[in-house]
Amino acid sequence: MIKFLLNQSETTIDQIDPNTSVLDYLRDNLNRTGTKEGCASGDCGACTVVIAEAEGKKLVYRSANACITNIGSLHGKQLITVEDLKTNNKLHAVQQAMVDCHGSQCGFCTPGFIMSMFALRKNNSTSDPHKTIESLGGNLCRCTGYKPIIQAANQSFESPSDDQFSAQHDNVVEQLKRINQQYPSAHLTHLDKQFFSPSTADELAKLLLEYPEARLLAGGTDLCLEFTQFLREAQVLVHTGRVKDLATVELNDKSLVLGAAVTYSHAADQLISLYPDLKELIERLGSLQVRNQATIAGNIGNASPIGDMPPVLIALGAELVLRKGDEWRTISIEDYFIKYKVTALQTSEFIESVIIPRPDPLADFKAYKISKRLEDDISATCGAFNIQIKQGAVSAVKIAFGGMAEIPKRAKHCEQALLNQPWSSESIERAKIELKKDFSPISDFRASADYRLGVSQNMLNRLYLQLESDSQTIRVTEYA
């Protein structure tokens, strides 16, 4: 059984196919067709809904792609769709702003934009151009054009923030707390399929021993594509999103420790505070809807060769804490990836946490992502560079790439070409040649093999020019 609030109404589901998406549930079971099906892969935002969670005494509203959100993950949360915004025959402020700014033509994408704008308005008291663009970055419009939509998002802040959801805020918080206290775990079943949502790491470990064939579901932003794009089904799903032990972010003297259920949106501020160069990479990783649900451990666990964070974590020397039953072990993330979609995880073992070292004050870290679109796109190649230069020579270096091989991996020949060598354009040219020994990329719809190799080699030039520019800026500042 799962329990959640559909707008203000408490909803209970006992029997449903555990593979069901929120989108299919809304359209097929409830006839709520305002939420549209576009790409069914989390790219276009036509199916955007808002999911609210109680954090302390307040609600946090997060946009999500309903097409890749599993129905079971709604347990203990509030689901808000475009049908819920109008009240007393009056449009919500974000809807009225869209009308006033002529932000809708065919209207197919409009409900998704409205829900992204709604989440933006509920979570912020004032308009911010950067947050507006970020919030709308996961919504695709093919006919209206983005200017009037952006104007509408900004104009919505001219209306009072109080709405029907504000009036029910405290009541919703209490309802959600009661559901979560009475039903800390959730279970769905349908025919021979099952869904489990444990609330503790011990419960999770026990379930995986009992169901070794289970598929782990975190944010679902990758796994759910198997259901929507390839029409596959999981017999047993175990959801990590409610495991409180795995939702922790701990910064200690040596490292940042992220629980396996920590989302990108949750971890972003801490990651960027330690490694400022990750800001652009994280903001370009999927869309806000995706980052609100996708977990860093999930990005590692699915072992995709084009995941953006694994090469970064390899270059930073991160480690993984793995658990099986009551046994733990810690391995380098570099050793986690074996071959395409094959990892070091044993049967019934799972990632419990990710350990990211604090930055070395003497080292420089840079990360570069190359993709066809600036936002909400997968990488053609992604390079991460962790380098230390002392007295004009490279004293330490770790370089890793994603998208260049069947797994994210180190560029060891390239590293050796730089290590203990002068930090110069000549050394960079030698490293570019050695990079060819590290990778034999493939051609696919994202990029050709030649392009991948060429642009990855050019990242070394970019690294050199950027660090030289940074050092010159420091010298000018010192002598100013």
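**Figure 1. Two arginines sit over phenylalanine rings.** In this predicted model, the charged end of R232 sits over the ring of F230, 4.7 Å from the ring's centre. A second case involves R446, whose charged end is placed over the ring of F445 at 4.9 Å from its centre.

Figure 2. Searching the whole structure turns up eleven aromatic pairs. One of them is F4 with Y25, an edge-to-face pair with 6.3 Å from centre to centre and 75° between the planes. The partners come from distant parts of the chain, 21 residues apart: F4 belongs to strand β1 (residues 2–6), and Y25 to helix α1 (residues 22–29).

**Figure 3. Y61 and F118 bring a strand and a helix together.** Here the ring centres of Y61 and F118 are 5.9 Å apart with the planes at 80°, which makes this pair edge-to-face. Y61 is part of strand β4 (residues 58–65) and F118 is part of helix α3 (residues 110–123), so the pair ties together parts that are 57 residues apart in sequence. Y61 has 5% relative accessibility and counts as buried; F118, at 0%, is buried as well.

**Figure 4. A cluster of four aromatic residues.** Which residues do ring pairs link into a cluster? They are Y368, F385, F401 and F439.

**Figure 5. The mixed sheet around β1.** Five strands make up this open sheet, in the order β2-β1-β5-β3-β4, and the pairing is mixed. Its edge strands are β2 (9–13) and β4, each of which pairs on one side only. On average, and ignoring direction, neighbouring strands are turned by 30° against each other. Helix α7 (residues 169–182) packs on this sheet and touches β1, β2, β3 (48–55), β4 and β5, with its direction at about 75° to that of β4.

Figure 6. As a reminder, strands of a sheet pair through backbone hydrogen bonds, either parallel or antiparallel. β1 and strand β5 (residues 78–80) run parallel, joined by two bridges, and L5 has Q78 in β5 as its bridge partner. On β3, A52 also has Q78 in β5 as its bridge partner; β3 and β5 pair in the antiparallel sense over three bridges. β3 is antiparallel to β4 as well, with eight bridges between them, and V50 is found opposite S63 in β4. The hairpin of β3 and β4 has two residues between the strands, and G56 there takes a positive phi near 70°.

Figure 7. F195 is found in strand β7 (residues 193–197). Is F195 buried or exposed? With 0% relative accessibility, F195 counts as buried. Setting aside neighbours within four places in sequence, the contacts of F195 include P18, N70, G72, S73, L217, L237 and H239. The C-alpha atoms of F195 and Q78 are separated by 19 Å, and these residues are 117 apart along the chain.

Figure 8. Five bridges hold the antiparallel pair of strand β12 (residues 319–324) and strand β16 (residues 350–357), with V354 in β16 as the bridge partner of L320.

**Figure 9. I356 in the largest nonpolar core.** In soluble globular proteins, nonpolar side chains tend to be buried together. The largest nonpolar core in this model has 57 residues, and I300 and I356 touch the most other members. Apart from neighbours within four places in sequence, I356 is in contact with S255, L256, L258, L271, Y275, L313, L316 and A318. A separate second core has 31 residues, among them A97, F113, V173 and L176.

Notes: Residues numbered from 1 in each chain as written. Heavy atoms only, no water. Core = buried A, V, L, I, M, F, W, Y, C linked by side-chain atoms within 4.5 Å. Buried < 20%, exposed > 50% of the residue type's maximum accessible area, 1.4 Å probe, protein only. Contact = heavy atoms within 4.5 Å. Phe/Tyr/Trp six-rings, centres within 6.5 Å; stacked < 30°, edge-to-face > 60°. Helix = DSSP H or I, 4+ residues; strand = E, 2+ residues; numbered from the N terminus. Lys NZ or Arg CZ within 6 Å of the ring centre and 35° of its normal. Pairing = 2+ DSSP bridges. Axes fitted to C-alpha atoms, helices over the stretch in contact; angles between N-to-C directions.
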